[in-house]
Amino acid sequence: MSVSPISGLMFLCLRLAPARAQDPSGDKGLTTYAIAMHGQPALPADFSRLPYADPQATKGGHLALAYQGTFDSLNPYNLSAGSTAQGLIGNVFQSLMLRSLDEPFTLYGLIAQSIEIDDARSYVIFRLDPRRGFRTAHR
């Protein structure tokens, strides 16, 4: 059984929320733009690109992807359909944080503008970048 990223995040938020509510000290945690398991993030808060990305790379064009198999729905969270379009998650949806390929234990905010954590890492609060938003399909 696989767990969707949204379900995992919801579980994490719900599981960790009581830990923060029961904190008797009331101290506010560290608010930062990135989190690292060991040491500090290598990139500054205002980085514009990852070090291995070429800013002179050709932009635009057309990308065609093919996947073997079939699908019943373009909704990746539709469990009743039995299958979904492969590759849809990574190509359509954005995650809260981005992992740099040359820093395996560091996460930078992508949709999250800031991340608040305490020293024990018993909770996490994501603050969304106001330039980002949720778009819903109108029927």
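Let's start with a strand pair. Strand 1 and strand 5, residues 112-117, run antiparallel to each other, paired over 3 bridges. Bear in mind that this is a predicted model. Within that pairing, Leu 30 sits opposite Ile 117 of strand 5.

Now the sheet around it. It is open, it has 3 strands, and the order is 1-5-6, with antiparallel pairing. Which strands stand at the edges? Strand 1, at 30-32, and strand 6, at 124-128. Each has a single partner strand, so one side of each is left without a neighbour in the sheet. On average, neighbouring strands here are turned by 20 degrees against each other, direction ignored. As a reminder, strands of a sheet pair through backbone hydrogen bonds.

Back to Ile 117, in strand 5. Is Ile 117 buried or exposed? Its relative accessible area is 10%. The cut-off for buried is under 20%, so Ile 117 counts as buried. What does Ile 117 touch, leaving aside neighbours within four places in sequence? Gly 29, Leu 30, Ile 35, Tyr 123 and Val 124. Take Thr 31 as well: 86 residues away from Ile 117 in sequence, yet the C-alpha to C-alpha distance is 6.6 Å.

Last stop, Asp 129. This residue is in the segment after strand 6. Its relative accessibility is 6%, so Asp 129 counts as buried. What does its side chain join up with? The side chain of Arg 131, through a polar contact of 2.6 Å. Beyond four places in sequence, Asp 129 is in contact with Ile 111, Ala 112 and Gln 113.

That's my tour. Over to you.

Terms used. Residues numbered from 1 in each chain as written. Predicted model: local features only at pLDDT ≥ 70, side-chain atom pairs only at ≥ 80, totals over all residues. Heavy atoms only, no water. Pairing = 2+ DSSP bridges. Helix = DSSP H or I, 4+ residues; strand = E, 2+ residues; numbered from the N terminus. Axes fitted to C-alpha atoms, helices over the stretch in contact; angles between N-to-C directions. Buried < 20%, exposed > 50% of the residue type's maximum accessible area, 1.4 Å probe, protein only. Polar contact = N/O pair within 3.5 Å; in protein donor to acceptor, adjacent residues only side chain to side chain. Contact = heavy atoms within 4.5 Å.
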